[in-house]
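Visitor: Hi! I have a structure to look at and I'm new to this. Could you walk me through it?

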Amino acid sequence: MHMNVAPHLLTEDRAEYERVLDDALSTAHARPDLAGAGTRLSLAQLRSLTLNATTLVTSAAASEYDHFVKVREQHRAALGTRTPASPDRPGPGPGVVAILTVMVPVLAGAAAVIFLLVGAVLHAVAPTVAFGATLLTAGLVFGAVAAAGLLGAAAGLLVTALRNSPAEVSRGGPPAAAPDDELSRAREAWRRALLERGILPFLRDVLAATTPPTGPPGT
C-alpha cells in the first residue's frame with residue numbers, strides 16, 4: 001500500500017521513516033506494551049496501518065525533524081563552498097629560479113670534488129707547479145658555492161611549506177568532522193523522537209483498539 005507523505009517529510013527521508021518502523025516491528029515481541037503484535041494483528045498489517053498514518057506519526061517528532069533538515073542543508077551548503085583543484089588542471093611548471101636552486105648546488109659540488117681531487121694529485125706530484133694550487137683554490141670556491149646553494153634550497157623549501165600550509169590550521173578552524181558529527185546527532189535525535197513519540201504510541205493505540213472484550217459472554 002502506498003505511503004502517505006506528511007507535508008513536512010521530504011521524499012528523501014521516506015526510506016528512513018520506514019527503517020525506523022521496521023526496526024520497531026522487528027523488536028515488538030520483546031516489548032510488553034506491544035504484546036498483541038503478530039497475534040491480534042500481523043506485523044504486515046501494523047506496518048501498513050502505520051505507513052498510512054504517516055502524517056499523524058511524523059507530526060509527533062516535527063521539531064526534531066525540522067532541526068535535522070536545517071542541519072543537513074547547512075552541511076550541504078558547507079560542502080558546496082569547497083572548490084578543490086581539478087586533477088586535470090596542470091599546475092604551474094618549475095620556474096628558472098627553482099631549476100637553478102636545484103642545479104647550482106649539484107653542479108658546484110661536482111666541480112668542487114673534481115677540482116680538489118685533481119689539484120691535490122697535481123700538488124702531490126709536482127708541488128712547485130702553481131696550477132695545482134689554483135685547482136685547489138677553485139675547488140674551495142665551488143665548495144662554498146655548493147654550500148650556499150644548499151642553504152638557499154633549504155630556505156626555499158621552508159618558505160614553500162609555510163605558504164602551502166592548510167588555511168584551516170592557520171585560522172584555527174574546527175576539524176572537518178565536526179559538521180558530520182552534528183548531522184549524525186540531529187538525525188539520531190529525530191529517529192529517537194519518531195520512535196518513542198510517534199511510532200510506538202501509534203502501535204500501542206492500534207493494538208489497544210483491537211483488544212477483545214474481557215467480560216463474561218452475554219454481558
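Visitor: What is the mean pLDDT of the protein?
Guide: The mean pLDDT is 79, and 75% of the residues reach 70 or more. That term is the predictor's confidence in each residue, from 0 to 100. This is a predicted model, so local features need pLDDT of at least 70, side-chain atom pairs count only at pLDDT 80 or more, and totals for chains, interfaces and linings use all residues. Residues are numbered from 1 along each chain as its sequence is written, and side-chain values use heavy atoms, with hydrogens and water left out.

Visitor: Which elements have the lowest and the highest mean pLDDT?
Guide: Helix α7 (residues 167-171) has the lowest, at 45, and helix α1 (residues 14-26) the highest, at 95. Helices here are DSSP runs of H or I with at least four residues, strands are E runs of at least two, and numbering goes from the N terminus.

Visitor: Where does pLDDT stay under 50?
Guide: One such stretch is residues 1-5, for which the model has 15 contacts beyond four places in sequence. Contact means heavy atoms within 4.5 Å. Residues 167-171 are also below 50, and that stretch has one contact beyond near neighbours in sequence. Where pLDDT is low, the predicted coordinates should not be read in detail.

Visitor: Good to know. New topic: how many salt bridges are there in the whole structure?
Guide: A search finds 12 of them. To count, a side-chain nitrogen of Lys or Arg must be within 4 Å of a carboxyl oxygen of Asp or Glu.

Visitor: Which residue meets Glu16 in a salt bridge?
Guide: Arg19 does, at 2.4 Å from N to O. Both residues lie in helix α1, three residues apart, which is about one turn of the helix.

Visitor: Is Glu16 buried or exposed?
Guide: Glu16 counts as buried, because its relative accessibility is 12%. Arg19 is partly exposed, with a relative accessible area of 44%. The cut-offs are under 20% relative accessible area for buried, over 50% for exposed, and partly exposed in between (1.4 Å probe, protein chains only).

Visitor: And what does Asp33 form a salt bridge with?
Guide: Its partner is Arg204, with the closest N and O atoms 2.7 Å apart. This pair links distant parts of the chain: Asp33 is in the loop between α1 and α2 (43-52), while Arg204 is in helix α8 (residues 177-209), 171 residues apart. Asp33 is partly exposed at 36% relative accessibility, and Arg204 is partly exposed at 31%.

Visitor: Which residue forms a salt bridge with Arg197?
Guide: That is Glu64, and the closest N and O atoms are 2.8 Å apart. Here Arg197 in helix α8 is linked with Glu64 in helix α4 (residues 62-80), 133 residues apart. There is also a network of salt bridges that links Glu12, Asp13, Arg72, Glu73 and Arg76.

Visitor: Let's switch to rings. How many aromatic pairs are there?
Guide: The count comes to three. In one of them, the rings of Tyr65 and Trp190 have centres 4.9 Å apart and planes at 50°, so that pair is tilted. Tyr65 is in helix α4 and Trp190 in helix α8, 125 residues apart.

Visitor: What are the rules for pairing?
Guide: Rings of Phe, Tyr and Trp (its six-membered ring) pair if their centres lie within 6.5 Å; planes under 30 degrees apart count as stacked, over 60 as edge-to-face and the rest as tilted.

Visitor: Are Tyr65 and Trp190 buried or exposed?
Guide: Tyr65 and Trp190 are both buried. Trp190 also pairs with Phe68: the centres are 5.7 Å apart and the planes at 5°, so this pair is stacked. Phe68 lies in helix α4 and Trp190 in helix α8, so the pair ties together parts 122 residues apart in sequence. Phe68 is buried as well, and ring pairs link Tyr65, Phe68 and Trp190 into a cluster.

Visitor: One last thing: what is Thr50 in contact with?
Guide: Leaving aside neighbours within four places in sequence, Thr50 is in contact with Tyr17, Leu21, Val57, Phe202 and Leu203. Thr50 sits in helix α2 and is buried, with a relative accessible area of 0%.
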